[in-house]
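Reader: Hi! Could you walk me through this protein in plain words?

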Amino acid sequence: MDCEKQMSLSDDRHEPCTLTARRLSLSRRRFLGQLAAATTLASGLTFSSGLPAALAASLPAPWQAGSGRPRVLGHDLSTLQQLEDVGKRFSDQGRILPAEQIVARHGATFIRERLWVQPPIPYNDLPHILTMARRIKAAGLHFLLDFHYSDFWADPSHQTTPQSWQGQDLATLAQTVYDYTRSVLGALARQGTLPEMVQTGNEVTAGMLWPQGQIYVNGTERWSQFATLLKAAIAAVRDTSRAIEVMIHIDRGGDNAGSRYFFDHVLAQGVDFDVIGLSYYPWWHGPLSALQANLNDLAPRYGKDLVVVETAYPWTLTDGDSEPNIVNAQTTLLPGYPPTPEGQLAYIRAVRAIVEQVPQGRGRGLVYWESAWIPGVGWEPGAGDAWDNLTLFDRQGRALPSIRCYQ
């Protein structure tokens, strides 16, 4: 999710919105409409860069399809360092440990971290990522790197081009994306902590790097421009290491028509990627049956692995600070899954069961979003924590029973 949203699940539109309450209304008719006329903008750009030969030779060989690909049982811990720096600590059965070690003890295989370009806070930038990558690997876990390609939150309503990249034409911006992605991955390679999986954009349902890569503009659809930037990002990953899996992430976990519309168009543009990532929050994206129907259709349709790369559920409806929670007493929750630690655990296991029954063994796993975002830091400077009842730790940082979700 990477920001607060509300989702209107009416018959004719979906309306994702963010913590700043600005909305981008995407008509369902756009998702179900006819294929837009092909644009004439060329997207076959060549990107210039390169890794030193010695470094390239040291990188792992590509995984073979169907073997060697780790199960994704993940946690997004992107706010962890910020919490630690204000004195927050985490414990498991009375033992204080780094959060990544606690989740590793309980069956996790991946940690996901978001990356901003020049954020307004000194977190989720490249130095932060380099530190967390070392910690993730030291805990024996795999690393999923989530490029936002923005200075702050990116989601279906916000895909703001980084300030230092603004004003560039499409070809120049594509080269900037390529060079930046190579630079980040090169820094990770030099310290021996390359990610096993990379998201080239976060919830890019309506495009990325607006306005150049915005899909829906004044009643038109600009898939070629979006694909040009997406291909630049993916080329940088491929040129760094063919062993890194590339995920494309949208927010349509319970929306099969919208998911099909997006990926049909992306594949029609010749975009090369490995994994479909979906966000699924039941209060925005519908019942578990909608998630299951979507996953079971997408796997054979596209022949790609699927990850529910963001999900969460409340363990309480009480609020831990002065910031109103996203999920509260007015939120419609799933029948049979109460807002308790036990209900939260049952929910995560239900999502996991749905993923694991996906046809062709294409359900790779799920990532719980911001498992450790306990009260102490907010979503932006000066704000509070609207996520504190959706964590897998209580307000004192003690692991809840739901920490066993992957066991």
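Author: Happy to; we can go from the overall build to single residues.

Author: This is a predicted model, in which local features need pLDDT of at least 70 and side-chain atom pairs count only at pLDDT 80 or more, while totals for chains, interfaces and linings use all residues. Residues are numbered from 1 along each chain as its sequence is written, and side-chain values use heavy atoms, with hydrogens and water left out.

Reader: Thanks! How many helices and strands does the chain have?

Author: The chain has eleven helices and 14 strands.

Reader: What holds paired strands together, in general?

Author: Strands of a sheet pair through backbone hydrogen bonds, either parallel or antiparallel.

Reader: Over how many bridges do S12 and S13 pair?

Author: Five, in the parallel sense, with S12 covering residues 275-279.

Reader: Changing topic: how much of the chain is buried?

Author: Of the 407 residues, 62% count as buried. Buried means under 20% relative accessible area, exposed over 50%, and partly exposed in between, with a 1.4 Å probe and protein chains only.

Reader: Which residues touch the most other members of the largest nonpolar core?

Author: Leu145, Leu188, Ile248 and Phe262 do, in a core of 114 residues. A nonpolar core is a set of buried Ala, Val, Leu, Ile, Met, Phe, Trp, Tyr and Cys residues joined through side-chain atoms within 4.5 Å. Apart from that one lies another core, of nine residues, including Val72 and Val309.

Reader: Is Thr391 buried or exposed?

Author: Thr391 counts as buried because its relative accessibility is 0%. Thr391 sits in the segment after S14, and its side chain makes a polar contact of 3.2 Å with that of Trp315. That term means a pair of N or O atoms within 3.5 Å; within protein, one must be able to donate a hydrogen and the other to accept it, and residues adjacent in sequence count only if both atoms are side-chain atoms.

Reader: What about Ala329, buried or exposed?

Author: Ala329 counts as exposed, because its relative accessibility is 60%. Ala329 belongs to the loop between S13 (305-311) and H11 (341-356).

Reader: Last one: how many aromatic pairs are there?

Author: The whole structure has 28. Rings of Phe, Tyr and Trp (its six-membered ring) pair if their centres lie within 6.5 Å; planes under 30 degrees apart count as stacked, over 60 as edge-to-face and the rest as tilted. One of the pairs is Trp153 with Trp369, tilted at 55° between the planes and 6.4 Å centre to centre. Both Trp153 and Trp369 are buried.

Note on methods: Helix = DSSP H or I, 4+ residues; strand = E, 2+ residues; numbered from the N terminus. Pairing = 2+ DSSP bridges.
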